[in-house]
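Biologist: I would like to learn how to read a fold. Please take me through one, feature by feature.

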Amino acid sequence: MEFLQIEELCKVYGKGENQVAALDHVSLTIEKGEFAAIIGSSGSGKSTLLHAIAGVDMPTSGKVYLDGQDVYAQSKEKLAVFRRRQVGLIYQFHNLIPTLNVVENITLPILMDNRKVNRERLEDLLELLGLQDRTTHLPNQLSGGQQQRVAIGRALMNAPAVMLADEPTGSLDSRNGQEIIRLLKESHCKYRQTLLIVTHDENIALQADRIITIADGKVTRDERPVARL
């Protein structure tokens with residue numbers, strides 16, 4: 001079932017002779033529940049593509065449909081609500097609020113929506129992320145790996161339909177990076193979410209159901225890794 005549909009997506013920065021095409025007529029479909037890795041060199045357009053899917057960076061032209069909904073046909077207000085409720089976005093750097101503790105950072109999207117926190121889901125996430133004994137800690141009291149876990153919890157708290165991770169292990173050491181990928185894969189399976197990860201790490205990409213290579217703003221390869229025993 002086609003869950004995410006991208007049609008002729010273009011993103012151009014600058015004007016005249018200074019124009020740069022970060023995305024050049026990209027078309028893709030992603031199945032519901034699929035785990036796809038997006039790879040490419042720096043400046044290839046992979047992060048731009050992820051942010052366009054997330055509703056964060058409006059494309060110059062083209063369409064993004066998520067579960068049949070035209071993402072950019074909405075008003076700015078509805079687009080903001082869409083991002084909070086339907087998309088879980090994880091960056092390389094955690095972007096946590098330094099004055100909020102672990103639970104407050106995780107539940108922030110719910111509180112911004114003036115909705116009641118689902119305590120059962122919160123406890124479930126804290127257990128999944130191994131943060132049960134860190135609930136009142138501030139970000140500066142956590143390790144880099146723990147901070148990234150909080151960022152994952154925040155992205156998952158709204159039970160989004162799709163998880164988008166932009167180099168989620170880029171600022172972590174190898175051990176913590178492997179743990180973050182394990183957690184993303186576990187949440188992907190547990191909550192049956194569609195998962196897209198932008199990465200430079202071939203080992204991470206090979207764990208995906210599908211590897212999409214971007215170069216010069218275009219999809220140059222789209223393949224499935226050899227099945228792992």
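Predicted model: local features only at pLDDT ≥ 70, side-chain atom pairs only at ≥ 80, totals over all residues.

Biologist: What is the order of the strands in the open sheet?

Modeller: The order is β6-β7-β8-β3-β9-β10, which makes an open sheet of 6 strands with mixed pairing. From one strand to the next, the twist averages 15 degrees.

Biologist: Which strands stand at the edges?

Modeller: They are β6 (87-90) and β10 (218-223). Each has a single partner strand, so one side of each is left without a neighbour in the sheet.

Biologist: How do I read the direction of a pair, for example β9 and β10?

Modeller: Look at how the two strands run. Strand β9 (residues 210-215) and β10 run antiparallel, joined by 5 bridges. Here Ala-215 stands opposite Lys-218 in β10. By contrast, β3 and β8 run parallel, with 4 bridges between them. Ala-37 has Ile-197 in β8 as its bridge partner. Strands β7 and β8 also run parallel, and 5 bridges join them. In that pairing, Asp-166 has Val-198 of β8 as its partner.

Biologist: Which strands does helix α1 lie across?

Modeller: Helix α1 (residues 46-54) lies across β3 (35-39), β6, β7 (162-166), β8 (194-198) and β9. Its direction is at about 150 degrees to that of β7. Helix α5 (residues 144-156) packs on the sheet too, where it touches β6 and β7. The angle between the directions of α5 and β6 is about 165 degrees.

Biologist: How many residues of β8 are buried?

Modeller: The general idea comes first. In a regular strand, side chains alternate between the two faces of the sheet. In β8, Thr-194, Leu-196 and Val-198 are on one side, and Leu-195 and Ile-197 are on the other. Both faces are covered, and all of these residues are buried. That is 5 of the 5 residues, so β8 is largely enclosed by the rest of the structure.

Biologist: Which residues touch the most other members of the largest nonpolar core?

Modeller: Again, the general idea first. In soluble globular proteins, nonpolar side chains tend to be buried together. In this model the largest nonpolar core has 35 residues, and Ile-106, Leu-184 and Ile-197 touch the most other members. Elements giving two or more residues to this core include β3, α3 (102-112), α4 (119-129) and α6 (174-191). Leu-184 touches residues including Ile-90, Ile-152, Met-163 and Ile-197. Apart from this core lies another, of 30 residues, among them Ala-54, Tyr-72, Leu-79 and Ala-161.

Biologist: What about a charged residue: is Arg-154 buried or exposed?

Modeller: Arg-154, found in helix α5, is buried yet has no salt bridge. Glu-104 is the nearest side chain of opposite charge, 12 Å away. Arg-154 touches residues including His-94, Asn-95, Asn-105 and Pro-109.

Key
Residues numbered from 1 in each chain as written. Heavy atoms only, no water. Pairing = 2+ DSSP bridges. Axes fitted to C-alpha atoms, helices over the stretch in contact; angles between N-to-C directions. Contact = heavy atoms within 4.5 Å. Buried < 20%, exposed > 50% of the residue type's maximum accessible area, 1.4 Å probe, protein only. Lys, Arg positive; Asp, Glu negative; His and termini not counted. Salt bridge = Lys/Arg side-chain N within 4 Å of Asp/Glu carboxyl O. Core = buried A, V, L, I, M, F, W, Y, C linked by side-chain atoms within 4.5 Å. Lists of a residue's contacts leave out its neighbours within four places in sequence.
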